[in-house]
Amino acid sequence: MLLFVLASLLVTGLARAEAEAPARIALVIDDVGYQWDLDRALLELDPRVALAIIPEGPHAQSLARMASEQQREVMVHLPLGGLGYDNCRLALTCIGMDWDEGRIREHLIEQLRRVPGAIGLNNHQGSHFTGNEEAVRRLVGAIVELGDQWLGRSLIVLDSRTVPGTKLESVARSQGLAALRRRVFLDHDNAPEAIASAWQDLIDLARYHGSAIAIGHPRPNTLAFLRLALPSLEAEGVELVTISDLAASLGAESERATGTVTAP
């Protein structure tokens with residue numbers, strides 16, 4: 001009986017602690033590497049804000065190194081083919097739907113060299129590519145192999161979710177990668193009031209799910225909003241975390257749910 005009471009108190013205490021834990025948000029700024037002044041201004045934001053850098057951007061390597069000096073996380077913002085529109089043919093090298101895993105792997109190695117220190121990847125555009133499960137499996141297979149054989153560490157995959165039928169998150173998770181999803185685009189509508197509304201959606205989703213990720217872009221209105229909004233998060237009971245911290249904590253929660261964590 002005593003053991004039952006103690007177990008009940010422990011479960012109640014854990015539930016109360018989880019209920020009182022602050023909602024967590026992570027923030028990624030996409031499309032970095034082309035606009036020197038705006039991109040450099042991003043480095044004035046809280047260092048927990050990650051930068052997703054397009055590898056072929058003229059300032060990609062410089063910005064990745066500057067972010068590294070701040071211990072700010074960077075990701076490869078990987079160009080993939082879109083549905084109705086993309087800039088693959090005009091400006092960027094996108095992974096082809098017909099590329100085999102070896103060709104994808106060699107391409108990713110070059111992209112990672114252009115974004116030194118990247119902790120992972122998220123898709124730039126990609127509505128056509130990420131909706132094709134076979135193509136996504138080849139991409140994820142190359143990412144897994146790179147982590148195992150070239151980097152010696154796993155890469156985080158953030159699904160930007162540019163199309164509802166994306167397979168990137170689910171396939172990456174099925175292959176054992178830390179896979180995350182974007183919940184909110186902060187500045188899909190660049191008007192200040194729309195950014196504020198999207199920010200509130202982010203906070204509401206984080207409170208509901210426990211955590212949520214937003215993607216923004218290096219735009220004047222977005223920067224102006226974040227300069228004011230980020231310092232007030234703590235007062236709202238919301239914690240800003242890094243992408244890697246969120247990936248690690250979600251991985252731990254998944255292991256607890258499946259009973260794979262053992263006591264020390």
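When I say that two residues touch, I mean that they have heavy atoms within 4.5 Å of each other. Please keep in mind throughout that what we are looking at is a predicted model.

Leaving aside residues up to four places away in sequence, serine 127 touches Gly81, Gly82, Leu83, Thr162 and Val163. If we take glycine 81 from that list, serine 127 and glycine 81 are 46 residues apart in sequence, yet their C-alpha atoms are 6.7 Å apart in space. With threonine 162 there is also a polar contact from side chain to side chain, at 3.0 Å. Is serine 127 buried or exposed? Its relative accessible area is 15%, so serine 127 counts as buried.

Let me turn to helix α3, residues 60–69, where Ala60, Leu63, Ala64 and Ala67 are buried. Looking down the axis of α3, we find these buried residues within an arc of 100 degrees, and they therefore line one face of the helix. The elements against which the buried residues of α3 pack are β1, α2 (36–42), β2 (50–53), β3 (74–80) and α4 (101–114). Just after α3 comes glutamine 71, whose phi is positive, at about 60 degrees.

That brings us to α4, whose N-terminal end is capped by aspartate 100, with a side-chain oxygen 3.2 Å from the backbone nitrogen of glycine 102.

With a relative accessible area of 15%, arginine 24 is buried, and its side chain makes a polar contact of 2.5 Å with the side chain of serine 249.

Let me move on to the aromatic residues, where the structure holds one aromatic pair. The partners are tryptophan 199 and phenylalanine 225, arranged edge-to-face, with 5.6 Å from centre to centre and 70 degrees between the planes. Since tryptophan 199 lies in helix α7 (residues 192–209) and phenylalanine 225 in helix α8 (residues 220–229), the pair ties together parts that are 26 residues apart in sequence. Tryptophan 199 counts as buried at 5% relative accessibility, and phenylalanine 225, at 19%, is buried as well, because the cut-off is under 20%.

Phenylalanine 225 is one of the buried residues of α8, which are Thr222, Leu223, Phe225, Leu226 and Ala229. Around the axis they cover an arc of only 165 degrees, which means that they lie on the same side of α8. The face turned away from that buried side carries the exposed residues Pro220 and Leu228. Covering the buried residues of α8 are elements that include β1, α2 and α7.

A last point concerns another ring, that of phenylalanine 185, over whose face arginine 182 lies, at 3.9 Å from the ring centre.

Methods: Residues are numbered from 1 along each chain as its sequence is written. This is a predicted model: local features need pLDDT of at least 70, side-chain atom pairs count only at pLDDT 80 or more; totals for chains, interfaces and linings use all residues. Side-chain values use heavy atoms; hydrogens and water are left out. Rings of Phe, Tyr and Trp (its six-membered ring) pair if their centres lie within 6.5 Å; planes under 30 degrees apart count as stacked, over 60 as edge-to-face and the rest as tilted. Helices (H or I, at least four residues) and strands (E, at least two) are DSSP runs, numbered from the N terminus. Buried means under 20% relative accessible area, exposed over 50%, partly exposed in between (1.4 Å probe, protein chains only). A charge sits over a ring if NZ of Lys or CZ of Arg is within 6 Å of the ring centre and within 35 degrees of the ring normal. A polar contact is a pair of N or O atoms within 3.5 Å; within protein, one must be able to donate a hydrogen and the other to accept it, and residues adjacent in sequence count only if both atoms are side-chain atoms. The arc is that of the directions from the helix axis to the C-beta atoms.
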